[in-house]
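User: I'd like to talk through the fold of this model, strand by strand. Could you start with whatever term we need for the pairing?

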Amino acid sequence: MLPLNIFTLGALSIQRGDQPVRGFVSRKVEALLVYLAFERREHPRELLATMLWEDLSQTRAMANLRMGLSNLQSLLPHYLLITRQTVMINPESPCWLDAFE
């Protein structure tokens, strides 16, 4: 599996190996990926939905989260662990974040 490299200092850049990852459906989905990479633990889906779409109803926020997770899963298979209740970066996937350096 190629490493997932996330550069946040300066312009956001997300790469798998040395190739840019493109096709995110929104900036919030990119932000979700960065958050998950930075906070390497399980996160309740309801909390993520509320955090990203605080201005929407819980039903609509959860629908947006499902769409975003589907997008991330299609772009980055094997890098996320998604259950009906939680989401996290797969601890076995190589993931590097410049903010940790």
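Analyst: Two strands are said to pair if DSSP finds at least two bridges between them. This is a predicted model, and in it S5 and S6 form a hairpin with three residues between them.

User: How many bridges hold S5 and S6, and in which sense do they pair?

Analyst: Strand S5, residues 80–82, pairs with S6 in the antiparallel sense over three bridges, and leucine 81 has methionine 88 as its bridge partner in S6.

User: And what does S4 pair with?

Analyst: Strand S4, residues 43–44, pairs with S6 in the antiparallel sense over two bridges, with valine 87 of S6 as the bridge partner of histidine 43.

User: Which way do the S6 residues point, and are they buried or exposed?

Analyst: Thr86 and Met88 point one way from S6, whereas Val87 and Ile89 point the other way, and all are buried.

User: Now the open sheet: what's the strand order?

Analyst: The four strands are ordered S3-S2-S1-S7, with mixed pairing. Because S3 (19–20) and S7 (95–97) each have a single partner strand, they stand at the edges, and one side of each is left without a neighbour in the sheet. Helix H1, residues 27–38, lies across S1, S2 and S7, running at about 105° to S1.

User: Last one, where is serine 93, and what does it touch?

Analyst: Serine 93 lies in the loop between S6 and S7, and counts as buried because its relative accessibility is 4%, which falls under the 20% cut-off. A polar atom of its side chain lies 2.8 Å from the backbone oxygen of asparagine 90, and, not counting residues up to four places away in sequence, serine 93 touches Met1, His78 and Tyr79.

Note on methods:
Residues are numbered from 1 along each chain as its sequence is written. This is a predicted model: local features need pLDDT of at least 70, side-chain atom pairs count only at pLDDT 80 or more; totals for chains, interfaces and linings use all residues. Side-chain values use heavy atoms; hydrogens and water are left out. Contact means heavy atoms within 4.5 Å. Axes are lines fitted to C-alpha atoms, for helices over the stretch in contact, and angles run from 0 to 180 degrees between N-to-C directions. Buried means under 20% relative accessible area, exposed over 50%, partly exposed in between (1.4 Å probe, protein chains only). A polar contact is a pair of N or O atoms within 3.5 Å; within protein, one must be able to donate a hydrogen and the other to accept it, and residues adjacent in sequence count only if both atoms are side-chain atoms.
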